[in-house]
Amino acid sequence: MIKKSLALLLSIEILASPNAWADLSIADFENKGKTQSTNTYLLGLSSGLNATNKALIAKKQVPLYCYPPYLNLTIADYREIIFTGIKELDDNPVKPSVDDILLQKLSKLYPCGYN
């Protein structure tokens, strides 16, 4: 019963938050880049991308990216990949989210031969 109540409260809090479903902007990443909430966001983002990638592989579909064997990226690695992606952006006034940047950079850094 306690677990159900906590899950319900958490879901209400998430749904009530105006930014619960928002991507992380470049400005927020640069301004709050080393906060615990940003670390948590990056962990969730990387876990979600990796889970999606594994699901695609399991269904024998084209994966988003292909890590070399035994590669274990850390939060610092993901940060560096994102910072590199930000530096490579042109002067276009419409900037992608950190989510988009990370996915694009992972696809370029770790191609599968399909991309």
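Helices (H or I, at least four residues) and strands (E, at least two) are DSSP runs, numbered from the N terminus. The model is a predicted one, in which local features need pLDDT of at least 70, side-chain atom pairs count only at pLDDT 80 or more, and totals for chains, interfaces and linings use all residues. Residues are numbered from 1 along each chain as its sequence is written, and side-chain values use heavy atoms, with hydrogens and water left out.

Confidence comes first. The pLDDT, the predictor's confidence in each residue from 0 to 100, averages 80 over the protein, and 78% of the residues score at least 70. Among the elements, α5 has the highest mean value (95), whereas helix α1 (residues 2-16) has the lowest (40). The pLDDT is below 50 over residues 1-20, and beyond near neighbours in sequence this stretch makes 3 contacts in the model, a contact being heavy atoms within 4.5 Å.

Helix α3 comprises the 23 residues 36-58. The expected span of a helix is 1.5 Å times one less than its number of residues, so α3 should span 33 Å, and the 32 Å between its end C-alpha atoms agrees with this. Its buried residues are Thr38, Asn39, Leu42, Leu45, Ser46, Leu49, Asn50, Asn53 and Leu56; buried means under 20% relative accessible area, exposed over 50% and partly exposed in between (1.4 Å probe, protein chains only). An α-helix has 3.6 residues a turn, so residues three or four places apart point the same way. The buried residues of α3 pack against α2 (26-31), α4 (75-87) and α5 (98-109).

A nonpolar core is a set of buried Ala, Val, Leu, Ile, Met, Phe, Trp, Tyr and Cys residues joined through side-chain atoms within 4.5 Å. The largest such core has 18 residues, of which Phe29, Leu42, Ile82, Leu102 and Leu106 touch the most other members. At least two core residues come from each of α2, α3, α4 and α5, with α4 giving the largest share, 5 residues. Leaving aside residues up to four places away in sequence, Phe29 touches Leu24, Thr38, Leu42, Arg79, Ile82, Phe83, Ile86 and Val98.

The loop between α3 and α4 contains lysine 60 and tyrosine 70. Most residues other than glycine have a negative phi. Lysine 60, however, has a positive phi near 60 degrees, and tyrosine 70 has a positive phi of about 70 degrees. Lysine 60 counts as exposed because its relative accessibility is 77%; tyrosine 70 counts as exposed at 83%.
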